Structures are given as structure tokens and as C-alpha cells.
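These are my notebook entries on a structure I went through element by element. I began with a sheet, then turned to the cores and the aromatic rings.

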Amino acid sequence: MTTRLTVAQALVRFLTAQHTERDGERRRLIGATWGIFGHGNVAGIGQALVEYAGVMPYHQGRNEQSMVHAAVGYARQCGRLSAHAVTTSIGPGATNLVTGAALATVNHLPVLLLPGDVFATRPADPVLQQLEVPYAGDVSVNDTLRPVSRYFDRITRPEQLIPSALAAMRVLTDPVETGAVTLALPQDVQAEAYDWPEEFFAERVWTVRRPGPDPAELARAAAAVRAARRPLLVAGGGVRHSRAEAALAAFAEATGIPVAATQAGKGALRYDHPRDVGGIGHTGTATADELARTADLVIGVGTRFTDFTTASGTLFQHPDVRFLHLNIAPHDAHKLAALPLVADARTGLEELSEALAPYKADDAYTDEYTAAKERWERRVDACFASPDPDARPTQPQVLGALDALVDASDIVINAAGSLPGDLHKLWRARSRDQYHLEYGYSCMGYEIPAALGVKLAAPEREVWALVGDGTYLMMPTEIVTAVQEGVAIKVLLVQNHGYASIGGLSAAVGGERFGTAYRFRTEEGTYTGAPLPVDLAANAASLGMRVLRAGSVRELRAALAEARAADTPTCVYVETETSDTVSGAPEAQAWWDVPVAASATRTPAVTAREQYERHVSTRRRHL
């Protein structure tokens, strides 16, 4: 039997019948579709969404990149078992997807992109917004999505959709391959009718696999752990994607091995768990980084060991250090010449725990890192403390005020600027998913739309988007969507009059903070004059958000409490103290390689180059 539908109608109906299943939990794979309509999708996908409005929820976006960020936030909160689709018109609507697609793919988070495309039959050539490529008639601007997609296809004939749609679902649900999936849809093909086999619309369940380790690899891994005297486990985002937090806690408790966390892995253990030693790498704690320097075995679980985590190859300094990588992706499991343990994080940890019994780390080692952790917690207390509640807060004091208010049900979202460093060092994660940092791509503008996606996935929880003024100005548009749909996200907007993170980095590498402040241009050509008369609180209010202004620590505490209790989208606006004489977060506990000018006449750059050469000389190639 067949059913006659347009290509767009068939695709939407197909998507409503796709499900995932893991550990007995079944979810709808595509939970909703985000869209901004133009001539490339309004008569195709737009009409299909009207046709199936009763079974395919729709969310109206304001910026195409933001829609992808919202979809990514939703997918992460759903443990990658459910995702969103995003439809755009041809041209700039489609190319605006590229940044969001890269973010999704870097972070291994599923999102289905459905951009419009030029006419497949070419009756109008060039059509509005078409980029003509003289050497290739089958290229369109959507080809920019190829390198940032895990799967890409252009549907130029109706029957082509059947194998392509199935391939797209396979990639979205594959724990190794998942990321952005793009089906480019020529606008004439979207509206073309075809007789579809009924089997295409049958319900399908895609099982999210938990592969176990190879017995020989498991035996080598267990032997390596038993031989170690100073082992350190590094938990990455794969622990959370696998829902392996309980298995990690059991492993740490049984073995006594301390657990450090990447930005994506923070929260895999609660901050007060005896084995948790905090963040690792350039933005990590002194406790974790010192353990990393002296570790003789580094056990990576679900981490890609990025540049920040490894301190650009300078962090792991034990002369005989070895690496053991438990990762579901072979590509990551072999990094740093590690012993690979290719498996799902939860399954691998459970089987490694069984293979190790009754291994236990030395008591003296446990006492050492326990004492170091206590010392670091005292430093956190000092950063959060506010001796004068009527003074303007520092950024760590802002975090301290929020830390004192939230419980394990709150979710805190951030991605870029100076906040990720402070949060990784200072934030006390109380649940496995409270700490939501997008640091694989560290995309400014991610926070507000991602908070919207997370709140859609977890409407019963309080969701906070922590944004600096630089990030806010990148992408505040989805505030309008939150207001329109009554999604009660909370925005904590921190005003420090510029790109504080890059300003600090610029000063450290000889750039003298050039072009990093939001200030008037002086007669000398620099931007170090008075702060700009920009009122971001008024801007948020003009987009429909309720705004609470806080001028002091005392007012901040009250505003945060009021915002948390609100059932409408609410923003807390606070200007922070940025004076060099005011205590801030602890400085970086490890190095990060940002190349410095090899020749310069200005003293800051010359000095920075000397320091750079000292650090880079300590880099190791782990072979």
C-alpha cells in the first residue's frame, strides 16, 4: 500500500514515528521542530508542519544559529535520546546554521538540520539568494554544512528520501557518530508529491548501544591500574552521555582513585564526594592539576583530552606517566599513545571495577588528595565571601550568591568568556546535570537559547543562563521566544564592560588588551575611555523579559531569590567590580598555549615571549 504525500509531508510524518531506546527507556527521537520560514521552506516544510501540527510540536525561532543551540541544549538534557529538528529557508537562513552545526558535532550532540535549497529542476536559475558556482552546477551554499555535519545529503528526487532519512536516523542515534545531520531540501522537491510505501511510516525504535570492552584490552587495563601508585581518573562528557555517573562513583569508592573532571564532565561526581578533586587543566583546581603533574597513570573516561585539559601537553609531568583511555570512540581511546579500552563508559567502568577487585589506592595517597581538596574548598569559600554586602560584587561573589541559593534541581548554563574558568574552578555541582558548560566549541551566544532548550526538556527545573555582556550582545534574540512561549528561563547577566576573558589573555600575551573593552575611542586611537552608555538591562526588558537590577551583593541575593521563584522569564542584571585591587578567582593553575609574537619592540610582548618560551619548553609528546 502507498500514501500520496509531498516530500516535506512524508519527512515530517516519518520523523514522528522514530524512537530511541536504552536500558528500557524509550523516547521520541525528534521531539519538536524549530523553524524560521522563507521562500525556501515556507511552502514545503512549513505547510507540512501545519499538516501534522497535532503530532509534531513547533517552536518559532528568531535566529537560525540560536535555534540550533536550543536544540543542542535540549538533546544534552535528554541524554541524547531525544533531539530537535531545525528548518530554515535557503541562503543566509541556511548558512546561519553552520556555527550551531559545528558546535553540535564537536560536542557529539544530535540535531537534525533541514535547510531549504535551490530548485533541483532549475526552472529559475539563479533563484533569489542562490550563490552561483561557475564550475559546479550542483553546489549551493548548503555545501558549507558538509564539513560540520556527521551526515549530509541533498534530496533531489522524492524516492531518494527513503534511504537518506533512514541513514540520518542511524547517525543521530549512534553514540560514536552522532552530531549535526543535514538533509538539504530543494524547495521544488519539498512540495513534490510521491506515492510512499506505508512501511516508510511504520514506527521504528533505534537502540542506543552499550558495547562492552574487548577481554584482552580489559585485562591490560586492569594490569595497568594495579601497577599504578598515583592513578588519577579524568571524567569527560562521555560519562554524562552514557549516564555512567553511578558506575563512576562506585568505581571511585571501590578503588580510592581520585576523580578530576573536564568542563563537560564536571558534576559526574558531586562536589562533596570524597573522591572528587575538581576541574582539571588550564581552568582546573590546584588540587586536580597537582595530582595530574604527579600521576603515573591517567585514566581518561569519556574525554577527548583537548588542549585545555592537557594544558597544551604540559600538565602530565611524571617521567613514567602512562595513559588508559576508556572511550566508546576508538579515535579518542588511542590519544596520547594510551592503552585503549574501547567501550561504553558505564559498561566499561562496571567491567573494569569487577576485573580490579580488590584493588585499592594507598591510604597515604588518599590522605594527600583529601587534604589538598579541603585546602581548595577554603579558597573557594574566600572567593565567594562578601565582607561588605553593600558593595558591588566581584564575579566570584556573583557565583557565590547563586551557589548559596540553588539546590540540586537547578541547572546552570554557560559557554564562553571569563565565566567558564571561574565556574570550573569554583562551582559546587550538586547533581549530575546541574553544570552545563559548552566548552567543546565555547560559542559566545550559546547560553540563552540553550537554556530555552534545556527548560523545554526539563520544565520542572530552574534553568539559569549565565552570560557576560559580550556574550549577551552576540545572541539575545531567543528571549523573545521564551517570552512568547512562556518558558521561564532565568538569565544572570553580568556586566563588566567588555571581553574580560580575552582582555586578560591579551594582557598576558603582549596584546595590551587592545580592542577588548566596550569603551569610547580616545584621541590617541585606543578604546580606553569612559564606558559606553549601553543599558543591557533595558534591552532585555525591551524584548519582553522581566528584569531585576542589582547594585550590591545584598541586592543581588534578593534579586536572585525573586528570580528563582518567578514563573515567567526573568533576568537579573548586575555590574561587577573589575578593579585590580579587588580579589577575584584564583589564577590559572596550568598553562595554555597561545602563541606570542616572536619579534616585537613593545615591552609587554617581549616579556610575554620570554615567559612563553619557558612554558613551551616543558611540553611533552606522550609516545
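**Strand S6 and its partners.** In this predicted model, I looked up the pairing of S4 with S6 and found that the two run parallel and are joined by five bridges. Within that pairing, threonine 33 stands opposite alanine 85 in S6. I then followed S6 to S7, where four bridges join the two strands, again in the parallel sense, and I noted leucine 112 of S7 as the bridge partner of alanine 85.

Is strand S6 enclosed or open to the outside? I found that six of the six residues of S6 (residues 83–88) are buried, so the strand is largely enclosed by the rest of the structure. Because side chains in a regular strand alternate between the two faces of the sheet, I also checked the directions. Ala83, Ala85 and Thr87 point one way from S6, whereas His84, Val86 and Thr88 point the other way, and all are buried.

**The whole sheet.** I wrote down the strand order as S5-S4-S6-S7-S9-S8, an open sheet of six strands with parallel pairing. Strand S5 (58–60) and strand S8 (151–154) stand at the edges with a single partner strand each, so one side of each has no neighbour in the sheet. On average, neighbouring strands of this sheet are turned by 20 degrees against each other, with direction ignored. I noted that helix H20 (residues 478–485) packs on the sheet, where it touches strand S4 (30–35) and S5, and that its direction makes about 130 degrees with that of S5.

Further along the sheet, strand S7 (residues 111–117) pairs with strand S9 (residues 180–186) in the parallel sense over five bridges, and glycine 116 stands opposite leucine 185 in S9.

Which residues touch the most other members of the largest nonpolar core? Of its 52 residues, I found these to be Leu233, Leu248, Ile280, Phe316 and Leu349. For leucine 349 I listed contacts with Leu233, Ala244, Ala247, Leu248, Phe251, Val301 and Leu326, leaving out residues up to four places away in sequence. A second, separate core has 47 residues, and Met67, Val487, Leu536 and Met545 are among them.

I also looked at helix H16 (residues 395–403), which is mostly covered, with nine of its nine residues buried. The buried residues of H16 include Gln395, Gln397 and Asp403, as well as Pro396 and Gly400.

I counted 12 aromatic pairs. In one of these, the rings of phenylalanine 308 and tryptophan 592 have centres 4.4 Å apart and planes at 55 degrees, so I recorded the pair as tilted. The pair links distant parts of the chain, since phenylalanine 308 lies in helix H12 (residues 307–310) and tryptophan 592 in the loop between strand S23 (570–575) and helix H24 (603–616), 284 residues apart. Phenylalanine 308 is buried at a relative accessible area of 18%, whereas tryptophan 592 counts as partly exposed at 27%.

I found a cluster in which ring pairs link Phe14, Tyr194, Trp196, Phe200 and Phe201. Over the ring of phenylalanine 201 sits the charged end of arginine 13, 4.2 Å from the ring centre. Elsewhere, I noted the charged end of lysine 266 over the ring of tyrosine 435, 5.4 Å from its centre.

Terms used:
Residues numbered from 1 in each chain as written. Predicted model: local features only at pLDDT ≥ 70, side-chain atom pairs only at ≥ 80, totals over all residues. Heavy atoms only, no water. Pairing = 2+ DSSP bridges. Axes fitted to C-alpha atoms, helices over the stretch in contact; angles between N-to-C directions. Contact = heavy atoms within 4.5 Å. Core = buried A, V, L, I, M, F, W, Y, C linked by side-chain atoms within 4.5 Å. Buried < 20%, exposed > 50% of the residue type's maximum accessible area, 1.4 Å probe, protein only. Phe/Tyr/Trp six-rings, centres within 6.5 Å; stacked < 30°, edge-to-face > 60°. Lys NZ or Arg CZ within 6 Å of the ring centre and 35° of its normal.
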